[in-house]
Amino acid sequence: MIVNSNNRVFGLDLMRAGAILMVLCSHLLWIYPLKNSLLLYCFQLFGFLGVEIFFVLSGFLIGTIFYTLYLKDDFKFKSVIYFLKRRWYRTLPNYYLFFIINILIGLIIGYPMPSLWKYLCFQQNFYTTMLAFYPDSWSLAVEEYTYLIMPTSVFLMAILCKPKNKKNAYLFVIVSIIIAFIFSKFIYNQTTSNTTMDQWNVSMKDVVIYRIDAILVGVLFSWISINYENFWKKSRYILAYIGVLFFLIFYYSLGHFRIIIENYPMFWNVFYLPITSFSVALFLPLLSEWKTTKIPFKNVIVTISLISYSFYLLHYGIVLQLMKHYCTTENLKQYELHMFTLVFLILSFGLSYLNYKYFEKPIMDLRDK
């Protein structure tokens, strides 16, 4: 088991581990197709929220790192390059490794692979509907463009305006970008006739130019955590309580009052995603201050957190794709489905562990060399 507790925050590990397990739950629906039921709704929601948690958490972490660089007196363009170098060492090797593996699988099973060049520069879902090939990569494209837009915007502000109050100038840039990308959703709502959830999923939720604000909400909360540390610590329980209460009321209301996209397209196209991002962020004060714990299975949670990136790119598009190709589950008996799922989980977690230990982690260790 891979556990390195140095400089780790258990609450954030718990948040990351919970997010990947939520995504896993949604993908289990490919093994256990459920008819209209509360469990089906919950698993579908888990998949959506899992990625949203990843976005907000990623923004919180990179925001903390970059803001610290920005506040230094020697902040220059090389600071931006340093930041990007570390992020690219973290994300690109796995992305391209699994891109190549997906191509090989596509050749083996005869899966269509249109416009492969777009994946090389994260164009597969920049402003149009996400392509079907390498489906998990959509969120990576959102991440990579955020890594470029956020530090570049702050750097341009720093050299053009030379602000005396760096703290407020940074806040202004982040809030401005968030507003700009929320406005992009408004433009989408005005220029499309999208009234189905299927279309919303691929042409709004999975498209880069409508999603960057989700990560920047986490960046905004990292700014609050640094500049209002006492408030951050003192209000962590009440904010988490508000977050829980809001989620319960919000999703109950969506179902009870039938607030569906067919009847309320503007709500879904413009407001639903930002509301979700800010709601997830309400848990950051509590979880970021949960530094350590003695609870059972701590090491399991930390390990799942560490391998979550490898697991995200591997378990669905590769392991489950191949297993379903060679062993259809439609006619399997219940105990056979359970055995199929057990093998799927063992392979997914095992291969993710090996990839993290022998590929992802060694490459990340090169960042400071």
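## A buried ring and its partner

F66 is buried, with a relative accessible area of 0%, where buried means under 20% relative accessible area, exposed means over 50%, and partly exposed lies in between (1.4 Å probe, protein chains only). This is a predicted model, in which local features need pLDDT of at least 70 and side-chain atom pairs count only at pLDDT 80 or more, while totals for chains, interfaces and linings use all residues. Residues are numbered from 1 along each chain as its sequence is written, and side-chain values use heavy atoms, with hydrogens and water left out.

A search of the whole structure finds 47 aromatic pairs, a pair being two rings of Phe, Tyr or Trp (its six-membered ring) with centres within 6.5 Å, called stacked if the planes are under 30 degrees apart, edge-to-face if over 60, and tilted for the rest. The rings of F66 and F83 have centres 5.2 Å apart and planes at 65 degrees, so this pair is edge-to-face. Because F66 lies in helix α2 (residues 38-71) and F83 in helix α3 (residues 77-109), the pair ties together parts that are 17 residues apart in sequence. F83 also counts as buried, at 2% relative accessibility.

## Overall form

The protein has 15 helices and zero strands, where helices (H or I, at least four residues) and strands (E, at least two) are DSSP runs, numbered from the N terminus. Along its principal axes, the C-alpha trace spans about 70 × 50 × 45 Å. With 369 residues, a compact globule would have a radius of gyration near 21 Å, and the protein agrees with this, having 21 Å; the radius is taken over C-alpha atoms, and the globule rule is 2.2 Å times the number of residues to the power 0.38. Of the 369 residues, 49% count as buried.

## Salt bridges

The count comes to nine salt bridges, each being a side-chain nitrogen of Lys or Arg within 4 Å of a carboxyl oxygen of Asp or Glu. In one of them, the side chains of D13 and R16 meet at 3.3 Å, N to O. Being three residues apart in helix α1 (residues 10-27), D13 and R16 are separated by about one helical turn. D13 is buried, with a relative accessible area of 2%, and R16 is buried as well, with 15%.

Another salt bridge joins K324 and E330, whose closest N and O atoms are 3.7 Å apart; K324 is buried, with a relative accessible area of 9%, whereas E330 counts as exposed at 60%. In the salt bridge between K361 and D365, the closest N and O atoms are 2.8 Å apart, and here K361 counts as partly exposed at 28% relative accessibility, as does D365 with 40%. Salt bridges that share partners also join R8, D13 and R16 into one network.

## Backbone angles and a surface patch

Most residues other than glycine have a negative phi, and most peptide bonds are trans. Phi of F122, however, has a positive value near 60 degrees. F122 is found in the loop between α4 (117-120) and α5 (138-161), and it counts as buried at 7% relative accessibility. R258 has a positive phi near 50 degrees and is found in the loop between α10 and α11 (265-281), where R258 counts as exposed at 52% relative accessibility.

A nonpolar surface patch of about 670 Å² is made by I238, Y241, I242, V244, L245, L248 and I249. Such patches are made of residues with over 30% relative accessible area and no salt bridge, with nonpolar side chains (Val, Leu, Ile, Met, Phe, Trp, Tyr) joined within 5 Å and like charges within 9 Å; the areas come from the Shrake-Rupley method with a 1.4 Å probe, and for residues only the protein chains shown count as cover.
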